[in-house]
Amino acid sequence: MESPYFIIIGTGIMLIMALFVVLFVVYYQRKQIEQQMHVKDMEAEFQGKLLEVSMASTEAERRRIAQDLHDDIGALLSVTKLTFNALYGQLDSKQQTQQLTQQVRDTLDETISHVRRISRELVPTTLERFGLPAALQEFAARSNNSDSLRITFGFSGDENYRLPSRTELMLYRIAQELINNAMKHSAGQNVHIQLSLPPQTFGMVIEDDGQGFNLENVRLLPSPGLGLDSIEGRLRVINGKINYQTAHQEGCRVSIELKNINDIR
Amino acid sequence: MWEFNLARTADISILLPIIIFFVRGRLHVPLTYKLIYSIVFLLFVRNITTFILGELGIYNVYIYNWYNLIGSIIVGLLYYHLFENQYLKGFAILTICITVIAALFDYESLFNPATTNFNRFSYNISGCLEIILILIYFYQLLQGLLVPNLAKFSPFWFSAGALFYFSGTIFSYISINSTFNDLDVRSQYWAIDAFLSIIFNVFLAISVWYIKPVKVDN
């Protein structure tokens with residue numbers, strides 16, 4: 001017959017061990033979850049920094065190309081035009097020769113205009129010099145040269161208010177992307193850009209009266225699609241958020257806000 | 001006298017999870033949660049039945065023996081569904097088979113309503129196997145890290161309560177012929193079982209509280 005003390009002591013030891021196991025499981029699991037979340041935060045931060053660096057490299061490359069186009073090709077073309085003007089003045093006034101030379105001169109003018117346009121699109125100098133409202137207004141006016149869509153721009157707030165250059169550039173690129181999407185896909189007639197700067201709350205709204213789209217279906221498309229991943233990636237860098245309001249045949253309204261606008265300097 | 005009061009308290013404590021079940025009333029739940037409900041109701045039926053039979057002076061030990069067998073099968077099925085590894089699922093089924101076979105070794109304790117003996121094999125073997133199943137499940141919880149907050153996870157509370165109960169009673173069951181099957185000392189060990197039953201029922205109540213329904217697609 002087993003001693004009752006054996007049973008009671010054994011029972012006590014088993015209960016203590018059971019208590020230890022349960023407490024250990026709770027404590028260890030909590031620590032593991034915290035560690036997992038910490039690693040995920042670090043990964044997200046790393047991805048954000050990677051994206052920021054990638055975008056900075058892209059912008060730097062664009063700047064270099066714009067500089068090369070403007071300094072080298074633009075300068076060469078300008079010199080060519082000057083030389084040609086001088087040559088033109090020395091020609092006999094034969095009608096055919098004059099016509100040909102006029103055509104060449106027109107072509108040179110057009111080439112110089114294209115180079116300047118490409119350079120401007122690569123690096124929006126208006127944005128750097130005059131800020132976001134001026135740059136968006138210029139972009140809207142320039143894009144209105146095509147017959148497909150009428151683009152209007154509205155603004156409220158302090159036009160001298162400047163966001164950090166990185167933030168302004170990201171917002172400008174996002175607006176470019178959204179307007180290009182509207183021009184390509186909306187099949188609408190009007191696009192309106194509304195920008196609000198402090199002292200009001202910052203907000204940028206771009207809306208069109210086109211055919212709208214199914215947001216969930218678009219997200220499933222592989223890149224480039226509507227470039228939504230690119231837009232949202234840029235917003236993550238500047239701590240912004242985006243809201244899409246769209247439906248079939250009801251146009252599209254995209255609202256962009258910046259979190260912690262007061263902390264951005 | 002205090003052993004009697006403790007035993008009655010243990011019998012009544014099963015009402016805690018029952019009341020919570022009726023208060024929360026979640027029926028669209030996964031199978032694992034339904035198995036936890038089954039254990040609660042099985043315990044309730046056992047306590048009610050043995051109480052009534054006891055009051056009527058009718059032998060009721062065989063009810064406890066059947067409860068142990070059926071309860072072990074349900075617990076085995078519960079961990080079968082909780083385990084993700086195929087081999088562990090197979091092990092859970094194996095424990096059910098072993099428990100059934102062990103119980104049938106002392107079939108007289110199951111099929112003789114006048115028996116006064118608790119099943120010599122079923123309690124200790126099923127208790128050991130259930131402790132092993134619970135420890136394996138805890139290991140799976142730590143490996144997978146799929147549950148963000150264990151304190152609000154129903155199967156964790158059930159497993160913790162079951163671990164305390166089976167760990168605390170394992171030595172009593174291993175020496176069952178000297179403990180529960182010895183009428184002279186039965187009441188002493190019954191007190192340990194009753195105390196641990198109260199703890200188990202409290203953990204069961206918390207487990208039922210944290211049972212979440214599945215989303216039903218319309």
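Q: Which residues of α5(B) are buried?
A: In this predicted model, helix α5 of chain B runs over residues 86–105. A residue counts as buried if 20 or more other C-beta atoms lie within 10 Å of its own. By that criterion the buried residues of α5(B) are B:A92, B:T95, B:T99, B:A102 and B:A103.

Q: Why are the buried residues of α5(B) on the same side of the helix, and what arc do they cover?
A: The residues concerned are B:A92, B:T95, B:T99, B:A102 and B:A103. They lie on the same side of α5(B) because the arc they cover around the axis is only 100 degrees.

Q: Against which helices do the buried residues of α5(B) pack?
A: The face of α5(B) turned away from the buried side carries exposed residues, including B:Y87, B:L94 and B:I101. The buried residues, for their part, pack against helices of chain B, namely α4 (61–82), α6 (108–111) and α7 (122–144).

Q: What span does α5(B) reach from its first C-alpha to its last?
A: The helix has 20 residues, for which 28 Å is expected at 1.5 Å a residue.

Q: Which helix gives the most to the side of chain B that touches chain A?
A: The contact between the chains involves 19 residues of chain B and 18 residues of chain A. On the side of chain B, α7 and α8 (154–174) each supply at least two residues. The helix that gives the most, with eight residues, is α8(B).

Q: How many charged residues does the side of chain B that touches chain A have?
A: Sorted by class, the 19 residues that chain B brings into contact with chain A include 13 nonpolar and six polar ones. The number of charged residues on that side is therefore, with Gly counted among the polar residues, no charged residues.

Q: Which residues form the uncovered face of β5(A)?
A: Strand β5 of chain A covers residues 252–258, and its covered face is made of A:C252, A:V254, A:I256 and A:L258. The uncovered face consists of A:R253, A:S255 and A:E257.

Q: Over how many bridges do β4(A) and β5(A) pair?
A: On one hand, β3 (residues 203–208) of chain A pairs with β5(A) in the antiparallel sense over five bridges, and A:E207 has A:R253 as its bridge partner. On the other, β4 (residues 240–246) pairs with β5(A), also in the antiparallel sense, and A:I242 has A:I256 as its bridge partner. The number of bridges between β4(A) and β5(A) is seven.

Q: Which residue in the hairpin of β4(A) and β5(A) takes a positive phi?
A: This hairpin has five residues between the strands. The residue with a positive phi, near 65 degrees, is A:Q249.

Methods: Residues are numbered from 1 along each chain as its sequence is written. Chains are lettered from A and ligands numbered from 1 in the order in which they are written. This is a predicted model: local features need pLDDT of at least 70, side-chain atom pairs count only at pLDDT 80 or more; totals for chains, interfaces and linings use all residues. Helices (H or I, at least four residues) and strands (E, at least two) are DSSP runs, numbered from the N terminus. The expected span of a helix is 1.5 Å times one less than its number of residues. A residue is buried if 20 or more other C-beta atoms lie within 10 Å of its own, exposed if 12 or fewer, and partly exposed in between; C-beta atoms are placed from the backbone. The arc is that of the directions from the helix axis to the C-beta atoms. Two residues are in contact if their C-beta atoms, placed from the backbone, lie within 7 Å. Two strands pair if DSSP finds at least two bridges between them.
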